[in-house]
Amino acid sequence: RESDHRAWTPVTYTVTRQNATVQGLIQGKAYFFRIAAENIIGMGPFTETTKEILIRDPITVPDRPEDLEVKAVTKNSVTLTWNPPKYNGGSDITMYVLESRLIGKDKFHKVTKEKMLDRKFTVEGLKEGDTYEFRVSACNIVGQGKPSFCTKPITCKDEIAPPTLDLDFRDKLIVRVGEAFSLTGRYSGKPAPKVTWLKDDIVVKEDDRIKIKTTPTTLCLGIVKSVREDTGRYCVTVENSTGSRKGFCQVHVVDRPSPPVGPVIFDEVFKDHMVVSWKPPLDDGGSEITNYIIEKKDTHKDMWMPVTSATVKTTCKIPKLLEGREYQIRIYAENLYGISDPLISDEMKAKDRFRVPDAPEQPIIKDVTKDSAVVVWNKPYDGGKPITNYIVEKKETMATRWVKATKDPIFPGTKFKVPDLLEGCQYEFRVSAENEIGVGDPSPPSKPIFARDPIAKPSPPVNPEAVDKTKSSVDLSWQPPRHDGNGKIIGYLIEFQKVGDEEWKQANLTADSCPETNYKVTGLTEGLTYKFRVKAVNAAGESDPAHVPDPVEVKDRLEPPELILDANMAREQHVKAGDTLRLSAVIKGVPFPKVTWKKEDHEVSPKADIEVTGVGSKLEIRNTVHEDGGMYSLTVENPAGSKTVSVKVVVLDKPGPPRNLNVSDVRSDSCYLTWMEPEDDGGSVITNYVVERKDVASAQWVAISSSSKKRSHMAKYLMEGTQYLFRVAAENQYGRGPYVETLKPIKAIDPLHPPGPPKNLHHVDVDKTEVSLVWNRPDRDGGAEITGYLVEYQEDGADEWTKFQTVPMLDCVVTGL
């Protein structure tokens with residue numbers, strides 16, 4: 001039965017199963033059902049459903065969502081949108097589940113706990129460079145449905161697209177004043193570009209008239225009630241990290257011109273016509289002036305009459321005038337966009353007005369020098385015709401005749417420098433004006449002037465300063481004045497003032513006592529502080545004083561010594577023997593240091609000239625000898641400190657004598673000489689040795705070697721038995737040193753050896769106190785004749801031999817035994 005009816009309706013015939021399908025129900029209605037069992041005896045009681053059942057399609061999980069799309073990707077986020085499933089399973093969607101999977105992993109992970117019923121979500125916190133895919137499922141009361149199809153793999157990186165720009169305006173736009181205009185267009189780009197508007201390279205700012213509107217895809221610059229100042233080159237720049245695009249438009253805001261610029265000049269006035277001129281408008285309205293409209297009006301009438309509207313020049317002839325009448329002229333400027341307000345002239349009478357110019361007023365004389373003067377005058381009335389020339393005349397005051405200053409025309413200036421004056425003479429000047437009618441009357445003469453250079457007092461000296469001081473004086477220095485007043489600077493006056501006093505005292509009484517730009521102020525009191533000032537003086541008088549900026553305390557200034565070495569004070573100084581040795585250095589220090597020169601920590605040689613000046617010191621040794629070489633030192637010392645510099649001086653000379661000359665291996669025709677190098681090589685390398693010999697009977701030395709570099713020599717070709725002396729000298733690039741000589745003569749003989757022992761010594765007779773001995777000659781005599789035989793005896797058992805005698809023969813009788 002229907003839930004709102006009471007009557008039950010059978011829905012099936014007898015069934016034997018425990019289930020039945022009820023057909024013909026109405027969707028959306030609620031029903032109760034009951035069932036009774038029946039057997040052969042009859043029908044049992046009904047069992048009724050406990051609650052009504054609403055008829056509707058069965059509820060399932062929803063279908064998969066559709067159209068899952070990626071809308072935006074950055075380096076750490078992805079934005080997705082999707083549409084609901086075609087079928088929600090018979091129940092409202094309660095939430096969506098968005099899942100992601102990192103490419104390379106197996107599992108999907110739920111992205112968020114949010115319900116996301118607006119079907120749009122931005123997944124954040126992703127890692128740049130990683131690649132993901134996404135899917136989404138719908139949930140209803142039954143549960144979670146199938147997931148949507150996965151997105152394509154998405155790599156997290158900022159989307160980049162260069163800007164694009166599509167403009168709705170052309171390169172040129174012309175707008176009338178007061179009208180509105182707008183510049184619009186569309187743009188795109190990723191990341192979202194920045195839009196900038198410029199006018200003539202200056203950023204456009206919004207105000208009451210200027211509006212800028214920018215959406216994510218469109219741009220617009222609008223100007224309401226445009227004015228002439230809006231004319232310019234407009235530029236829109238669309239820029240992001242990948243690049244920029246620009247669009248340009250030259251906007252011309254045009255208007256009718258401003259009025260021509262006055263005043264109206266009457267260039268020519270005649271009894272029946274005039275010629276007038278004017279200046280173009282300051283503003284042509286943004287469009288070229290096409291023509292001027294000129295009108296005239298008789299001042300007795302109120303009606304303006306046209307003259308012309310076809311002129312483009314800024315001058316016009318006004319014809320058909322009545323003599324004696326006064327006229328006004330009115331001028332309009334016209335361009336493509338309209339006619340300006342008029343320019344109206346003053347009144348002008350139509351009449352002939354030509355005559356020579358009036359006389360100028362008395363001229364003024366300026367800038368007089370010893371040979372020139374500048375004459376200045378005012379322009380007189382020109383008599384109706386333009387002035388074409390001025391005539392300047394001069395005369396000496398005592399003379400009567402005026403002379404033209406120049407034959408050249410003087411125009412349009414109203415001053416002229418008259419040259420070629422005689423120094424010391426007194427002159428007057430006058431001026432006449434000339435037009436095409438003729439020359440007018442001359443001006444009254446100028447006041448007389450003398451031709452000489454003007455002298456004014458000089459300007460003050462420049463940058464006075466105290467450059468040094470002692471306990472009783474201060475040295476001042478300054479630069480000459482910038483302007484000498486056209487007079488020679490005679491000199492300077494120096495004044496000083498004790499700090500605290502009012503009176504300035506003069507350091508010098510006359511300027512010519514200090515012609516230079518420095519001065520030493522003396523006689524000051526030690527420990528006091530003084531101010532100083534300097535004045536420049538020329539024939540016109542004293543300048544204003546220039547003050548030394550700061551007061552100066554009078555005391556000895558202490559500056560430690562300082563040495564500035566000259567080139568001859570390098571670490572080592574070489575000088576040839578006989579030349580002059582010069583050592584010098586610039587010395588600074590306050591007070592001036594004490595100067596001490598030393599050689600090897602001892603006093604320098606008395607032959608040295610030492611000079612000390614206020615700026616340095618010099619040591620000079622003339623005719624140097626080898627002994628003048630050594631280590632020289634210069635010491636400067638004052639109470640603030642001391643400083644020492646040293647220089648090694650090498651006097652380059654001939655070498656000294658060789659040492660230890662020795663003769664060995666003497667033979668009958670040769671001997672061997674050896675020696676050692678000199679103790680002193682003269683400061684230069686020994687280049688060779690010279691070896692000489694001399695027969696003792698001869699006075700002449702003979703060279704046997706002059707180029708040997710060795711310290712030994714074999715003297716050959718000697719005469720046997722002759723006695724010789726030998727000598728050796730060393731040479732370097734500066735000459736030959738002294739000789740060293742053998743101490744005694746050397747005889748040229750072969751060397752002698754002791755003779756051999758006598759042979760066959762035996763006795764031939766014996767007595768009680770004597771023994772007779774004989775022997776034979778030895779085998780070798782040692783290279784010389786045997787001169788005798790030495791006989792010795794020894795008592796048996798004793799240690800010592802006793803000499804008996806030397807005998808010439810081969811026998812001997814030893815006695816006294």
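Let's start at Y717, which counts as exposed at 69% relative accessibility (exposed means over 50% relative accessible area, buried under 20%, and partly exposed in between, using a 1.4 Å probe and protein chains only). This is a predicted model, where local features need pLDDT of at least 70, side-chain atom pairs count only at pLDDT 80 or more, and totals for chains, interfaces and linings use all residues. Residues are numbered from 1 along each chain as its sequence is written, and side-chain values use heavy atoms, leaving out hydrogens and water.

**Positive phi angles**
- Y717 is not a glycine, yet its phi is positive, near 60°.
- You can find Y717 in the loop between β60 (712–715) and β61 (723–732); strands (E, at least two residues) are DSSP runs numbered from the N terminus.
- K225 also has a positive phi without being glycine, near 50°.
- K225 sits in the loop between β19 (218–223) and β20 (232–240), and K225 is exposed, at 62% relative accessibility.

**A buried lysine**
- K395 belongs to strand β33 (residues 389–396) and is buried, with a relative accessible area of 11%.
- The side chain of K395 reaches the backbone oxygen of A399 at 3.0 Å.
- A polar atom of the K395 side chain also lies 3.5 Å from the backbone oxygen of T397.
- Leaving aside residues up to four places away in sequence, K395 touches T400, R401, W402, Q426, Y427 and E428 (contact means heavy atoms within 4.5 Å).

**Cis peptide bonds**
- K190 and P191 are joined by a cis peptide bond, with omega about -10°; P191 lies in the loop between β15 (181–190) and β16 (194–199).
- The bond from F411 to P412 is cis too, with omega near 0°, and P412 is in the loop between β34 (403–404) and β35 (415–418).

Methods:
Helices (H or I, at least four residues) and strands (E, at least two) are DSSP runs, numbered from the N terminus. A polar contact is a pair of N or O atoms within 3.5 Å; within protein, one must be able to donate a hydrogen and the other to accept it, and residues adjacent in sequence count only if both atoms are side-chain atoms.
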